[in-house]
Amino acid sequence: MSALFDKFHDEFIYTLAAFIFLIVFRFILTTAANKVGKRSNINLARVQLMVRYINFLVFFLAIFVLLIVWGVQVRDVTLVFSSVFAVIGIGLFAVWSILSNITSGVIMFFSFPYKIGDEIKIHDKDFPVIAIIEDIKAFQIHLRTSEGELITYPNNLILQKAVSLVKKDAFIDSPDEGKDAL
């Protein structure tokens with residue numbers, strides 16, 4: 001065991017340093033996401049979704065850094081990563097809307113002016129919608145109409161349409177609220 005440590009002493013030290021750096025990096029990013037979530041009054045489920053994206057990013061960074069630390073040439077690592085991402089890109093090209101909705105979900109996390117509970121109007125000439133935001137997911141936003149109909153609206157479309165606020169915190173003023181307490 002001592003011979004193994006002596007032979008790869010530098011690699012073990014760099015690996016430890018990389019793990020410490022990545023843990024601190026992950027901590028900083030998740031803390032920032034949580035602060036943005038609290039400051040902007042964003043739903044906890046949306047904050048947790050951002051944390052999952054951060055974990056995914058840190059995981060790939062860890063693989064990349066560890067491969068380089070343990071002696072894999074940078075050109076070999078970039079070749080593997082570019083090949084993998086090319087295959088993923090070709091695979092996702094057929095289902096680009098999934099990637100578009102995830103990206104829109106991230107954008108909505110940081111800059112969507114409406115919150116869960118707000119009543120909004122989506123100005124779509126073919127299918128105008130007036131509904132209360134019930135939930136905001138990674139791929140779609142859940143809207144509840146006054147008739148009780150649940151509409152799932154894709155995140156990428158909500159960013160492409162004009163949206164106006166009809167009523168802030170419409171859940172609070174709901175006539176059905178408080179019936180469960182009786």
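Is Phe 60 buried, partly exposed or exposed? Phe 60 is partly exposed, with a relative accessible area of 27%. The model is predicted.

**Packing of H2 and H3**

- Helix H2 spans residues 9-39 and helix H3 spans residues 44-69.
- Their axes come within 10 Å and cross at roughly 165°.
- Angles over 145 degrees count as roughly antiparallel, and H2 and H3 are therefore roughly antiparallel to each other.
- The crossing of the two helices is right-handed.
- The contact of H2 with H3 has 18 nonpolar, 5 polar and 2 charged residues.

**Aromatic pair in H2**

- Phe 21 and Phe 25 form a stacked aromatic pair, at 6.0 Å centre to centre with 10° between the planes.
- Both residues lie in helix H2, 4 residues apart, which is about one turn of the helix.
- Phe 21 is exposed, at a relative accessible area of 54%, whereas Phe 25 is partly exposed, at 26%.

**Aromatic residues in H3**

- The ring centres of Phe 56 and Phe 60 are 4.8 Å apart and the planes stand at 75°, so this pair is edge-to-face.
- Phe 56 and Phe 60 both lie in helix H3, with a spacing of 4 residues, about one turn of the helix.
- Phe 56 counts as exposed, at 53% relative accessibility, while Phe 60 is partly exposed.
- Phe 59 joins Phe 56 and Phe 60 in a cluster linked by ring pairs.

Methods
Residues numbered from 1 in each chain as written. Predicted model: local features only at pLDDT ≥ 70, side-chain atom pairs only at ≥ 80, totals over all residues. Heavy atoms only, no water. Axes fitted to C-alpha atoms, helices over the stretch in contact; angles between N-to-C directions. Parallel < 35°, antiparallel > 145°, perpendicular 65-115°, else oblique. Left-handed = near helix turned anticlockwise from the far one by under 90°. Nonpolar A, V, L, I, M, F, W, Y, C, P; charged D, E, K, R; others polar. Phe/Tyr/Trp six-rings, centres within 6.5 Å; stacked < 30°, edge-to-face > 60°. Buried < 20%, exposed > 50% of the residue type's maximum accessible area, 1.4 Å probe, protein only.
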